[in-house]
Amino acid sequence: MLLANANLISCNSSTFPSSLPPKTSLQTQNLKPRIPHSKTASKVSTFSKPNGKASIFTFHKGHLQICHSTLNSQKPEDPVLNEGEPLKVENGGDEKNWTTSILLFLLWGALMFYVFTLSPNQTPSRDMYFVNKLLNLKGDDGFRMNQVLVSVWYIMGLWPLLYSMLLLPTGRSSNSSIPVWPFLILSCFGGAYVLLPYFVLWKPPPPTVDESELGRWPLNFLESKLTAGIALAAGLGIVIYAGLASGADWNEYYQYFNESKFIHVMSLDFTLLSAFAPFWVYNDMTSRKRFDEASWLLPLSVVPFLGPALYLILRPSLSTKPNSLSPAEPE
């Protein structure tokens, strides 16, 4: 039974019009909804809730009419559904958009398939010889290594350092659920092929950084301007060395690229690392709340290695704005 002190049961109305005379009591039978007998009305339901609210649901053919009653216990913050307004359902927590992760996973899978099955592999014995020469495991046998190949080999050794400086700490996954350091260590051997799985699993925002953590290893090393300067100087020297190579060296490297699995896969690795670096520069820049001041560095980050290395020198220190990490999330 509905309470006798109800103000009104009506559609989209909570009180009587002011012109109507007040009534001290209402009979129970007057609270019954008056539904005209028609062919379209098929069912009428009345629901009474413990909080003192009642609703009448009139089911017509093709549509539903909802009538609300408001009792004295109605709270002003209770939501009201207006006619034609869509019902909104609030979500209590943020959900990760997995679209980018799925696309990155598909890219990684396609790359793995290409590397192991489709990439050229015409000179496996020569590839082993090149690896031994580049690792200085073979003495001077009179063979001159290709100058471009040597440059790419050494700059690939600098990419893990650069990505470590970009991903620690602003590229860490939320609540350290997925640690980044194993991927960074393995990237010394696998490059972007190892980092891509972390990109798939990465979940921003990163955990906060204490001021004391900045003074300990490895952040004190990775945040150092001296480390960034050495990386930029080394990369610049390698690029100049490759630029001084003759045209014959470049033609020979192109031939190696079409024949050698080792050189082919390494060149793709260099391209992938260069392609993903601008996003992580942007992520680091926004995490440090300096995008407006350092946005001019973002176009420079598309320059392979040198652009991100220059940003690492000019970026603001985390110690000036502690615990202010809020990175960019990929769409």
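# Briefing on helix packing and aromatic pairs

Serine 301 sits in the loop between α13 and α14. The model that holds this residue is a predicted one. Its chain comprises 14 helices and four strands, and 40% of the 331 residues count as buried. Among contacts in the chain with a separation of 6 or more, 70% are accounted for by residues 24 or more positions apart.

- Apart from neighbours within four places in sequence, serine 301 contacts Pro278, Val281, Gly307 and Pro308.
- Phenylalanine 305 belongs to this loop as well, which runs between α13 (297–300) and α14 (306–314).
- The relative accessible area of phenylalanine 305 is 0%, so the residue is buried.

**Aromatic pairs**

- The structure contains 17 aromatic pairs.
- In one of these, the ring centres of tryptophan 159 and phenylalanine 305 are 5.3 Å apart with their planes at 90 degrees, and the pair is therefore edge-to-face, since planes over 60 degrees apart count as such.
- Tryptophan 159 is part of helix α4 (residues 159–167) while phenylalanine 305 is in the loop, so this pair ties together parts 146 residues apart in sequence.
- Tryptophan 159 counts as buried, at 1% relative accessibility.
- For phenylalanine 199 and phenylalanine 276, the ring centres are also 5.3 Å apart, but the planes stand at 50 degrees, so this pair is tilted.
- Phenylalanine 199 in helix α6 (residues 192–201) and phenylalanine 276 in helix α11 (residues 261–287) are 77 residues apart, and their pair links distant parts of the chain.
- Phenylalanine 199 and phenylalanine 276 are both buried.
- A cluster joined by ring pairs takes in Trp159, Tyr163, Phe199, Trp202, Phe270, Phe276, Phe279, Trp280 and Phe305.

**Packing of α1 with α6**

- Helix α1 (residues 99–118) packs with α6 at an angle of about 160 degrees, and the two axes are 8 Å apart.
- This angle makes α1 roughly antiparallel to α6, because angles over 145 degrees count as such.
- The two helices, α1 and α6, cross in a left-handed manner.
- On the α1 side, the contact is made by Ser101, Leu104, Phe105, Trp108, Leu111, Met112 and Val115; on the α6 side, by Tyr193, Leu196, Pro197, Phe199 and Val200.
- The contact of α1 with α6 comprises eleven nonpolar residues, one polar residue and no charged residues.

**Packing of α1 with α11**

- Between α1 and α11 the packing angle is about 165 degrees, and the axes are 11 Å apart.
- The angle therefore makes α1 roughly antiparallel to α11.
- The crossing of α1 and α11 is right-handed.
- By class, ten residues of the contact of α1 with α11 are nonpolar, one is polar and one is charged.

- The buried residues in α14 include Leu306, Gly307, Pro308, Ala309, Tyr311 and Leu312.
- The elements that cover the buried residues of α14 include α4, α9, α11 and α13.
- The axes of α4 and α14 come within 11 Å and cross at roughly 45 degrees.
- The crossing of α4 and α14 is left-handed.
- Leu162, Met165 and Leu166 of α4 make the contact with Pro308, Ala309, Tyr311 and Leu312 of α14.
- In the contact of α4 with α14, seven residues are nonpolar, none is polar and none is charged.

**Glycine 229**

- Glycine 229 is located in helix α9 (residues 225–243).
- With a relative accessible area of 25%, glycine 229 is partly exposed.
- The C-alpha atom of glycine 229 is separated by 7.9 Å from that of alanine 309, although the two residues are 80 residues apart along the chain.

Note on methods
Residues are numbered from 1 along each chain as its sequence is written. This is a predicted model: local features need pLDDT of at least 70, side-chain atom pairs count only at pLDDT 80 or more; totals for chains, interfaces and linings use all residues. Side-chain values use heavy atoms; hydrogens and water are left out. Rings of Phe, Tyr and Trp (its six-membered ring) pair if their centres lie within 6.5 Å; planes under 30 degrees apart count as stacked, over 60 as edge-to-face and the rest as tilted. Buried means under 20% relative accessible area, exposed over 50%, partly exposed in between (1.4 Å probe, protein chains only). Axes are lines fitted to C-alpha atoms, for helices over the stretch in contact, and angles run from 0 to 180 degrees between N-to-C directions. Angles under 35 degrees count as roughly parallel, over 145 as roughly antiparallel, 65 to 115 as roughly perpendicular and the rest as oblique. A crossing is left-handed if the near helix is turned anticlockwise from the far one by less than a right angle, and right-handed if clockwise. Contact means heavy atoms within 4.5 Å. Ala, Val, Leu, Ile, Met, Phe, Trp, Tyr, Cys and Pro count as nonpolar, Asp, Glu, Lys and Arg as charged, and the others, Gly among them, as polar.
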